[in-house]
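User: I am new to this structure and would like to learn how to read it. Please take me through it one feature at a time.

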Amino acid sequence: DSLRSIDATLVALSFKLYSSGIKYIQRSTLAHINGTKDWRIYHDFGQILIAQARYLYRHEPSRLDVDGIVYAFDSSTMKLCLQLCPWARLHHDKGGVKMHTLYDVKTDIPSFFLITNADLHDSKVMNEIPYEPDALYIFDRAYMDTEQLTIINTIKAFFVVREKRRMSYTVIEDKQYNNPITGVMADQTIQFSGYKTRKQYSSPMRRITFYDKEGNRTFVFYTNNSILSAEDIALAYKYRWRVELFFKWMKQHLHVKEFYGTTENAVKIQLYSAIIAYCLVAIVERKMK
């Protein structure tokens, strides 16, 4: 009941602001409000809308023929003026925050967010992801962390991650698979032979080499999924681009590159408000057909 009351209040407030014209709110007033109100309210309400949106889009058709939920995890950096936001130091003369996002590829709805300082390495956030058994998680090469991949494997979830650098390994099985039409050049089962990597990930792992004709680039993927074909693994990684499109949409349409407050609280409120707006658009689009 309290959530429904909050929902109704927000709708009424939104309509009142729309009717009166939000342009009459002074920038300084908005900055003051964002600096004093707790950002967790916006975070929690965003999670409620995320759940509603994902439910509405749960039967969305997808070209990715994979059972279960498919997530792409990545981050986007929002630059800030270091003189105005000294708490967000990135480099010597630059500031910024990172918006780490777990994106449901099949529904095109985000699932989980975490906002941190921009100097935090992407792989350090992997232990905050709410992993689900049988789900597939797609990562770029910045997340090639064997210790974190062990956690995913232990809870019986799946991952696809791009090779960051050439790893030391021993080939256990080589399917001698090479398909110039699909671009798959190799499908192998390997075991890490480096002291640190073998200690952190002791189980065998699948290593797939894929050649992208359009971009004239070769990709190497590591995965613990032995069910999907090598082509499906490569296609799953291609769908990681959906989260990049989400970040692009947020920056272009919701103007999250311009902030109305300089405190950490104000920046988080604006970013979570943008997430709320994205989910509201998705919900209205589905309900209004």
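Analyst: Start with burial. Of the 289 residues of the protein, 44% count as buried. Keep in mind that this is a predicted model.

User: How many helices and strands does the secondary structure of the protein have?

Analyst: There are eight helices and nine strands. As for contacts between residues at least 6 apart in sequence, 56% join residues at least 24 apart.

User: How do I read the packing of two helices?

Analyst: Two packed helices are described by the angle between their axes and the distance between the axes. Take helix α2 (residues 27-36) and helix α8 (residues 264-287): their axes come within 7 Å and cross at roughly 100°. Angles from 65 to 115 degrees count as roughly perpendicular, so α2 is roughly perpendicular to α8.

User: Which residues in α2 and α8 meet?

Analyst: From α2 come Asn34, Gly35 and Thr36, and from α8 come Asn265, Ala266 and Ile269. Sorted by class, this contact has two nonpolar, four polar and no charged residues.

User: At what angle do the axes of helix α7 and α8 cross?

Analyst: Helix α7 (residues 241-253) and α8 cross at roughly 105°, with axes that come within 11 Å. That angle makes α7 roughly perpendicular to α8. Here Phe246, Trp249 and Met250 in α7 meet Leu271, Ala274, Ile275 and Tyr278 in α8. The contact of α7 with α8 has seven nonpolar residues, no polar ones and no charged ones.

User: How many aromatic pairs does a search of the whole structure find?

Analyst: The search finds 17 aromatic pairs. One of them is formed by Phe73 and Phe139, edge-to-face, with 6.3 Å centre to centre and 70° between the planes. This pair links distant parts of the chain: Phe73 is in strand β1 (residues 70-80) and Phe139 in strand β4 (residues 136-139), 66 residues apart.

User: Why does Phe73 count as buried?

Analyst: Buried means under 20% relative accessible area. Phe73 counts as buried because its relative accessibility is 0%. Phe139, also at 0% relative accessibility, counts as buried for that reason.

User: What makes the pair of Phe159 and Tyr201 edge-to-face?

Analyst: Planes over 60 degrees apart count as edge-to-face. The ring planes of Phe159 and Tyr201 are at 90°, so the pair is edge-to-face, and the ring centres are 6.1 Å apart. Phe159 lies in strand β5 (residues 158-162) and Tyr201 in the loop between α5 (195-200) and β8 (205-212), so placed 42 residues apart in distant parts of the chain. Both Phe159 and Tyr201 are buried.

User: Which residues do ring pairs link into a cluster?

Analyst: The cluster consists of Tyr103, Phe113, Phe246, Phe247, Trp249 and Tyr278. Rings can also have a charged side chain over the face. Arg58 lies over the face of Tyr55, at 3.7 Å from the ring centre, and Lys268 lies over the face of Trp39, at 4.3 Å from the ring centre.

How values were computed. Residues numbered from 1 in each chain as written. Predicted model: local features only at pLDDT ≥ 70, side-chain atom pairs only at ≥ 80, totals over all residues. Heavy atoms only, no water. Axes fitted to C-alpha atoms, helices over the stretch in contact; angles between N-to-C directions. Helix = DSSP H or I, 4+ residues; strand = E, 2+ residues; numbered from the N terminus. Parallel < 35°, antiparallel > 145°, perpendicular 65-115°, else oblique. Contact = heavy atoms within 4.5 Å. Nonpolar A, V, L, I, M, F, W, Y, C, P; charged D, E, K, R; others polar. Phe/Tyr/Trp six-rings, centres within 6.5 Å; stacked < 30°, edge-to-face > 60°. Buried < 20%, exposed > 50% of the residue type's maximum accessible area, 1.4 Å probe, protein only. Lys NZ or Arg CZ within 6 Å of the ring centre and 35° of its normal.
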